[in-house]
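User: I am new to this structure and would like to learn how to read its features. Could you walk me through them step by step?

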Amino acid sequence: MSSLQCQKRVHLEINRKELAKHSKATEAAFALGHEVGEMAIKLYGQDGGTFIEYNGGNFAGALSQTADLMNSMFRTPVFEATLQHEGVLVREDVLLPVSENGDDTWRIVEVKASTRLKPEHAQDCAVQAWVHLGAGYPLAGISLAHIDNQFVYEGNGDYRGLLVEEDLTEHVFELLPSVPIWVEAAREAVAGPMPEVPVGQHCTSPYECPFMDFCWPNDSRYPIAGLGGGKKQLGIWVMDGYCDICDVPSSEISSETQLRIHRVTEQGAAELLPAARSFVDSLAYPRFYLDFETIGPAIPLWPGTRPYQALPFQWSCHIERAPGVMEHAEFLDLSGEPPMRTLAGQLIADLETSGPVLMYTSYERGVIEDLAAMFPDLAGALQAIIDRLVDLYPVTKSNYYHPDMLGSWSIKAVLPTIAPDMDYAQLQGIQEGTEASAAYLEAINPSTDDARKEQIRAELLKYCKHDTEAMVRLVAFMGSSES
């Protein structure tokens, strides 16, 4: 699958794996895949089945056990069935015994944590089918099971309906003649010298490549990736020999945002427009700086919730009563019970009834709208908060840029340029949102001891408070611009 994305990637994965750098988001996706896979075993194995273990990458035992089970007179579902053909090894998520016209055969179910079928899934399934058939076993069909994001968990551990299947048999069998070609290309890429593949949009599609730092030029002051925009055009500039933002002639740039990044980077100093101060001056007091932390588990935790639904468990709010007069309110529930209603009630009380509620991006709006839909009796009060929301992100993007932001207006990119003492990298423990979500889930796990739970509580409170203090510092900075 890596070779279908990029021949250079598969070469590096086998020969230079130490160069790989997986983002925290990618690592979270790996963990999510394992979680959904475990749920698939429960759903498809309700009447029994066998999970094939493998020890430290030694697949000999797994191959032998799979063969014994598939050749047994008493056939049951097999999970992570391990098969090999012409040097290609696969582990089939779910292998179900079926009968077709009186003959014993098998059906493969590939399980994904996504909420829809994607083109690469059919290729994945085709490789599995090719190995399965090549290993000498019959195959009646192959399906892709993915998360149904409209599924509502009713409780009591009943997750029937969480996964929905899409039959890919016909499509997969059409792809089978291509698989040996894919395999041979992958072998050549691995065995030969590192392929010369220019960077481009394939570096992030369909998956983020872990070798981006190796392949993309990043040894200049302002690496060209910081211009942003599509990877295709960036790749063309790299092929033309441009490595730094300042290397690219402005005559080759058409995007207004890229031209601005290029111009400010060439100038070598931050740009803060007077309109920023006009915006800040228009904000009445008291000012409420709000940030949520949420979870969005693929497998719902609480009755009445859906897969990937953003559920808040924490918020922080700095309250500026007058210039320099600051208070702080916060909410965090680590009981393990659904926190949403208590959180919403406390939010309504602490945000009072007047004054702008400042956020960074519209994420907070979506969270509050979901709370209003979840609790109709609180909808009026929550809508009143929604009506007071003011998004700092578009104002910041329109009026401020610093070369060190490298094309990003995320709060984590902006903050070090205006308040170096508040760089998120200096936080101990939790430093970004996916870590906060993972920490919350660890804290509410019954197996987590009290000492670890209290450590997580302290880190979550500090992290979320840092988010809202960052907005306070940003508004103060923008208010300092000359009008």
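Analyst: Below we take the features one topic at a time, with the general idea first and the case here second. This is a predicted model, where local features need pLDDT of at least 70 and side-chain atom pairs count only at pLDDT 80 or more, while totals for chains, interfaces and linings use all residues. Residues are numbered from 1 along each chain as its sequence is written, and side-chain values use heavy atoms, with hydrogens and water left out.

User: Let me start with charged pairs. How many salt bridges does the structure hold?

Analyst: Side chains of opposite charge can pair when their charged atoms come close. A salt bridge is a side-chain nitrogen of Lys or Arg within 4 Å of a carboxyl oxygen of Asp or Glu. The structure holds 22 salt bridges. One of them joins lysine 21 to aspartate 213, with the closest N and O atoms 3.6 Å apart. That pair links distant parts of the chain, 192 residues apart: lysine 21 sits in the loop between H2 and H3, and aspartate 213 in helix H8. Helices (H or I, at least four residues) and strands (E, at least two) are DSSP runs, numbered from the N terminus.

User: Is lysine 21 buried or exposed?

Analyst: Buried means under 20% relative accessible area, exposed over 50%, and partly exposed in between (1.4 Å probe, protein chains only). Lysine 21 has a relative accessible area of 55%, so this residue is exposed. Aspartate 213, at 43% relative accessibility, counts as partly exposed.

User: Which residue does aspartate 377 meet in a salt bridge?

Analyst: The partner of aspartate 377 is arginine 341, at 2.4 Å from N to O. Aspartate 377 lies in the loop between H13 and helix H14 (379-386) and arginine 341 in helix H12 (residues 340-350), so the pair ties together parts 36 residues apart in sequence. Another salt bridge brings together the side chains of arginine 473 and aspartate 421 (3.0 Å, N to O). Arginine 473 belongs to helix H18 and aspartate 421 to the loop between H16 and H17, so here the parts tied together are 52 residues apart in sequence. There is also a network of salt bridges linking Glu110, Lys112 and Asp124.

User: What is the nearest side chain of opposite charge to aspartate 244?

Analyst: For this question, Lys and Arg count as positive and Asp and Glu as negative; His and the chain ends are not counted. Aspartate 244 is buried yet has no salt bridge, and the nearest side chain of opposite charge is arginine 221, 7.6 Å away. Aspartate 244 is found in the loop between helix H9 (231-239) and helix H10 (256-267). Look at the backbone too: the nitrogen of tyrosine 222 lies 2.8 Å from a polar atom of the aspartate 244 side chain, and the backbone nitrogen of arginine 221 lies 3.4 Å from a polar atom of that side chain.

User: What about the backbone itself? Which residues does a cis peptide bond join?

Analyst: Most residues other than glycine have a negative phi, and most peptide bonds are trans. Here a cis peptide bond joins serine 205 and proline 206, with omega about 5°. Proline 206 is in the loop between helix H7 (179-191) and helix H8 (212-215). A cis peptide bond also joins tyrosine 285 and proline 286, where omega is about -5°. As for phi, threonine 361 has a positive value of about 80° although it is not a glycine. Leucine 406 has a positive phi too, near 50°.

User: Finally, how many cavities of 30 Å³ or more does the structure hold?

Analyst: On a 1 Å grid over the protein atoms alone, a cavity is a set of points where a 1.4 Å probe fits but cannot get out, and a pocket is an open set with protein on both sides within 12 Å along at least five of seven lines; lining residues have an atom within 4 Å of a point. Grid points are joined across faces, edges and corners, and a volume is the space filled by probe spheres set on the points. The structure holds one cavity of 30 Å³ or more. The largest cavity has a volume of about 110 Å³. Of its 14 lining residues, the closest to the centre are Cys6, His202, Cys203, Cys209 and Cys215. H2 gives the most to this lining, with three residues.

User: How much space lies in the second largest pocket?

Analyst: The second largest pocket holds about 1,100 Å³ of space. It is lined by 37 residues, and the closest to its centre are Thr294, Gly433, Thr434, Glu435 and Ser437. H3 supplies the largest share of the lining, eight residues.

Conventions. Polar contact = N/O pair within 3.5 Å; in protein donor to acceptor, adjacent residues only side chain to side chain.
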